[in-house]
Amino acid sequence: MSTDLNDPAAPGDSPGLRRAVTGKLLFVFILGDVLGAGIYALVGEIAGEVGGAVWVPLLVALAMAMLTAASYAELVTKYPRAGGAAVFAERAFGRPVVSFLVGFSMLAAGVTSAAGLSVAFAGDYLGAFLDVPTVPAALVFLAVVALLNARGIKESMRANLVMTVVEVSGLVLVVVLACIVLGRGDGDLGRTLEFTDAVNPAVAVLAAALLAFYSFVGFETSANMAEEVRDVHRVYPRALFLSLAAAGAVYVAVGLAVSAVVPASDLADTSAPLLAVVSAADVGVPDRLFGLVALIAVANGALLTMIMASRLTYGMAGQRLLPAVAGRVLPRRQTPWVAIVATTVVAMILAATGTVAALAETVVLLLLIVFVSTNLAVLVLRKDQVDHPHFRTPVILPVLALISCGVLATQQTAQTWLRAGVLLLVGGVLYAAMRWTRSLRSPEIVNT
């Protein structure tokens, strides 16, 4: 018989984590993880792909994210102590190598995302303050993020709270400024229905949805909080879907705002698209002030992803899936300094190899591996019975989610496949090395 996974301390186990996360707190956590940095950096790139109808690929990306979110809602509420896609994969497929690659894909996606955000930070938003080369500025930024990460989780979370408020305020400001511009007759709402003439609109929307999807990732990390959520089977799905819907509403409003105020060609030519809206409004909001807001938003996204990546590295080292040295911590700060250094170095290398759009596409491709695994796991585990209530998604939704993942994968370039392939190859080598080392110590370990 299955153990009651809603019980924080199942018989024979050590006490579980404290269930202190309410529905409102979970909603804010997911919303803060999803909302922010991607839209600040990629609206211009999306406009370059689709034209003025920026809101359309954002809406398509939201629908795709919702499909996979339904699979997470079922697995998290069905196995609320499992804690993530890698463990779902292990339960469904019973192959350690599969769960390792899923976990490593999450790790690689986080590091790559931070690299892309560092490049965005060092672009035109920073240009409002300093005229410095992009790559050196991105590297310095990553070093500063690493120092804050190493200082302590409490300090990092305090910084995250402040930065989340600032970044959301910046998005609301953009929408308000667009309304002012339209009110005085300077904008053009007709641009929001214009598609690029370069390619077929459907093809353009799919290409842009690949970039837009990056703006919605982050919801999947909430699976790691399952054991700390009160009444998880009821609270988690509601918070997950409402937070994604709220983020989608804000993104669509921003997409409409930027297109109505600034021509798509101008948006595509800048790495600070939202700053272009502020400048066009010309209502006394200093470019530097909004530039600072945007820099804070991007910094917040990078900090969150590097915290996740370093802790995931630390956790995988504790499970002997990565070298044990990655589990070392600073004695006083109790932060995983080796994991922080390792993930920061990799992020720095990636930041020097690609644009914001290219790195964002790589993140999406890596996460598609995770999402395919999760959606398959829902179908494989459908007959697995547990003795507590849980969310149950209609079978058609994970099937549609798998199709959407396949569609997004077909939009990736050869360069993106190569970059993701190299990262996964590194993971494969590490896994093989760790298996070989463990087999020397324990000959009974067999190949998986």
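Predicted model: local features only at pLDDT ≥ 70, side-chain atom pairs only at ≥ 80, totals over all residues.

Biologist: What kind of aromatic pair do Y72 and F219 form?

Modeller: The whole structure holds ten aromatic pairs. In the one made by Y72 and F219, the centres are 5.9 Å apart and the planes sit at 85°. Planes over 60 degrees apart get their own label, so this pair is edge-to-face.

Biologist: How many residues apart in sequence are the parts that this pair ties together?

Modeller: Y72 belongs to helix α3, which covers residues 55-78. F219 sits in the loop between α9 (201-214) and α10 (232-261), so the parts tied together are separated in sequence by 147 residues.

Biologist: Which residues are in the cluster linked by ring pairs?

Modeller: Our pair, Y72 and F219, belongs to it.

Biologist: Now the surface: which helix gives the largest share of the nonpolar patch?

Modeller: The patch is formed by L376, L379, V395, I396, V399, L400 and I403, with about 530 Å² of accessible area together. Two helices, α15 (356-380) and α16 (396-410), each supply at least two of its residues. I403, for one, lies in α16. With four residues, the largest share comes from α16.

Biologist: And how much of the protein counts as buried?

Modeller: The protein has 17 helices and zero strands. Out of its 448 residues, the buried part is 51%.

Definitions and conventions. Residues numbered from 1 in each chain as written. Heavy atoms only, no water. Patch = residues over 30% accessible without salt bridge, like charges linked within 9 Å, V, L, I, M, F, W, Y side chains within 5 Å. Areas by Shrake-Rupley, 256 points an atom, 1.4 Å probe, with all protein chains shown as cover. Salt bridge = Lys/Arg side-chain N within 4 Å of Asp/Glu carboxyl O. Buried < 20%, exposed > 50% of the residue type's maximum accessible area, 1.4 Å probe, protein only. Phe/Tyr/Trp six-rings, centres within 6.5 Å; stacked < 30°, edge-to-face > 60°.
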